[in-house]
Amino acid sequence: IVQILGGMGDASVQTHATQLTARLAKLTGGEPRLLLVQGITSSREAKLVMLADPVVRGTMDLFGRLTLAIVGIGAVEPSELLARSGNVFSPQELAMLHEAGAVGEISFRFYDKNGQPVETPLNDRVIGITLEELRRTARVMALAGGASKTEAIAGALRLGIIDVLVTDKFTAARLTA
């Protein structure tokens, strides 16, 4: 069971992510492989330093062997939970994402309403799976719901990488309308 995005926000949130990975491994009889670094670094240089760690590289090298990836879909505007975690982008970074046409993200890899990846300097700071690595994964299950994420979910479905979407009936109705 491989963690595919580094930790988020303050230590309690990061601990929660690693606990979920470890719990899923225990429930399935698998071995947890944790990505014990920040999901978003302060700079490209900081990311490169963290990627030099052999344990981090070892975990990320497993991305190419995944048979199932379970991902969340996020809107560009951070959820209340993410905002409380202390892991949000600056107003300038959010403006840059909006200007580039971003409507949503999967593992902090942003895309537009047509399902096209949005390239920004923020990509250089993310430690986690890429959209291309997800595309090569045998099965991708996405979890998301709520009115604030409808546009992000629609764009994510157009990426062509999601095999299974778990959502609520209200979101499903908005997506099919």
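The paragraphs below go through a predicted model of one protein chain, from its overall make-up to a few of its parts.

The chain contains eight helices and six strands. Read from the N terminus, the order of these elements is α-α-α-β-β-α-α-β-β-α-β-α-β-α. The chain has 177 residues, and 41% of them count as buried. Its exposed surface comes to about 9600 Å², of which carbon and sulfur atoms supply 56%. Contacts can also be sorted by how far apart the two residues are in sequence. Among contacts between residues at least 6 apart, 67% join residues at least 24 apart.

Helix α1 spans residues 11-28, and K26 is found in it. Is K26 buried or exposed? With a relative accessible area of 72%, K26 is exposed, because exposed means over 50%. Along the chain, K26 and I1 are 25 residues apart, while their C-alpha atoms are separated by 9.2 Å.

I1 also belongs to a nonpolar patch on the surface, together with L24, L68, I70, L143 and V166. The accessible area of these residues together is about 440 Å². Two members of this patch, L68 and I70, lie on strand β1, which covers residues 68-72.

Strand β1 has a partner in strand β5, residues 139-143. The two strands pair in the parallel sense, over five bridges. Within this pairing, G72 stands opposite L143 in β5. L143 is another member of the nonpolar patch. Its relative accessible area is 37%, so L143 is partly exposed: the value falls between the 20% under which a residue is buried and the 50% over which a residue is exposed.

Just after α7 comes G160, which takes a positive phi of about 80°.

Note on methods
Residues numbered from 1 in each chain as written. Predicted model: local features only at pLDDT ≥ 70, side-chain atom pairs only at ≥ 80, totals over all residues. Heavy atoms only, no water. Helix = DSSP H or I, 4+ residues; strand = E, 2+ residues; numbered from the N terminus. Buried < 20%, exposed > 50% of the residue type's maximum accessible area, 1.4 Å probe, protein only. Pairing = 2+ DSSP bridges. Contact = heavy atoms within 4.5 Å. Areas by Shrake-Rupley, 256 points an atom, 1.4 Å probe, with all protein chains shown as cover. Patch = residues over 30% accessible without salt bridge, like charges linked within 9 Å, V, L, I, M, F, W, Y side chains within 5 Å. Salt bridge = Lys/Arg side-chain N within 4 Å of Asp/Glu carboxyl O.
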